[in-house]
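Have your viewer open and try each task before reading its solution.

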Amino acid sequence: MIFGLGAFGLWGLLPIYWRELESAGASEVLAHRMLWSLPTALALLAAVRNWSWIRPLLRDPRRLGMLLVSASLISVNWYIFIWAVGEDRVLEASLGYFINPLLTIAIGVLVLRERMRPAQWAAVGVGATAVVVMSVAYGQIPWISLALSVSFAVYSLVKKKTGLDGLEGFTADSALQFLPALGFVLVLAGRGESTFTAEGGAHTALLVGSGLATALPLIFFGAAAVRLPLSTLGLMQYLAPTSMFLLGVLAFHEEMPPERWAGFLLVWTALTILTWDALRTVRRSRRTVARHVPDAATEPAASRDA
């Protein structure tokens with residue numbers, strides 16, 4: 001539980017971190033985030049002495065291709081999120097991560113041919129209605145929310161097929177991101193447009209620390225995923241967008257007109273339906289398993305009688 005709270009709590013507080021780097025611009029922050037992620041990942045791999053997965057991966061072109069796609073998708077996701085924070089659109093970013101579970105279910109049906117239960121269909125339908133309501137109210141599609149949710153949902157699908165755990169996948173993505181990020185940072189420095197050393201020591205430390213800020217919640221999530229039931233982990237994922245929402249309203253004082261409240265309330269209704277259905281399914285599965293497991297107290301006695 002502590003690992004799970006740490007992961008989703010840190011993800012929910014990341015807008016504060018990126019807001020402190022607002023003077024650098026989204027492109028430079030993204031480049032440094034990718035640049036410093038690889039040294040962080042390598043240091044963590046050295047600490048756990050986990051190198052055996054690298055050689056088989058390099059011999060598998062199919063998985064390398066999927067990793068290239070996943071690294072591109074998460075780069076797009078990171079850029080949009082950092083840009084949204086800098087443009088005072090944290091509420092739209094939080095909406096994207098509220099929508100993400102609904103979109104993940106839809107992708108499971110369309111791509112993986114999974115079957116949805118009636119309650120899941122209802123939740124996805126309510127979520128789609130929320131997007132329509134906000135699109136009509138604002139006169140435009142909430143593209144930030146949709147771009148964040150789509151990029152992360154597809155990224156999750158691709159990562160699922162690579163078969164790498166949290167730290168391994170993070171290292172592989174970081175390795176593919178490193179050279180483009182380094183090139184961009186060097187070009188900025190050559191043009192005299194870099195803020196790396198121009199904004200003071202604290203600014204430099206925050207840019208360097210962006211790799212650790214990216215890695216820590218991912219590592220905590222991986223530790224929680226192997227220890228907690230998926231039903232518990234699924235409920236905890238709402239902590240991050242909830243924290244972002246509260247930051248947007250209470251700390252960054254972003255506007256919440258009635259139409260935005262209506263959209264959020266519809267999404268929260270969809271997530272409530274989804275959560276209720278998930279908990280009901282887990283309880284039903286446990287009862288089914290319990291009925292088919294022999295009574296441990298009577299089985300030995302029956303064996304002795306035989």
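Contact here means heavy atoms within 4.5 Å. Keep in mind that this is a predicted model.

**Exercise 1.** Find out which residues of α2 meet α9, and how the two axes cross.

*Solution.* Start with the contacts: Glu28, Val29, His32, Arg33, Trp36, Ser37, Thr40 and Leu44 in α2 meet residues of α9, among them Leu207, Gly211, Leu212 and Ile219. Residues three or four places apart point the same way, because an α-helix has 3.6 residues a turn. Next, take the axes: those of α2 and α9 come within 7 Å and cross at roughly 60°. That makes α2 oblique to α9. Finally, the handedness: α2 passes α9 in a right-handed crossing.

**Exercise 2.** Check the end-to-end span of α8 against 1.5 Å a residue, then look for a kink.

*Solution.* Helix α8 covers residues 166–191, so its 26 residues should span 38 Å. Its end C-alpha atoms are 36 Å apart, which agrees. Now follow the axis: a kink of about 40° lies at phenylalanine 178, shortly before proline 180. Just after α8, glycine 192 has a positive phi of about 75°.

Note on methods:
Residues numbered from 1 in each chain as written. Predicted model: local features only at pLDDT ≥ 70, side-chain atom pairs only at ≥ 80, totals over all residues. Heavy atoms only, no water. Helix = DSSP H or I, 4+ residues; strand = E, 2+ residues; numbered from the N terminus. Expected span 1.5 Å × (residues − 1). Bend = angle between axes of the 7 residues up to and from the residue. Axes fitted to C-alpha atoms, helices over the stretch in contact; angles between N-to-C directions. Parallel < 35°, antiparallel > 145°, perpendicular 65-115°, else oblique. Left-handed = near helix turned anticlockwise from the far one by under 90°.
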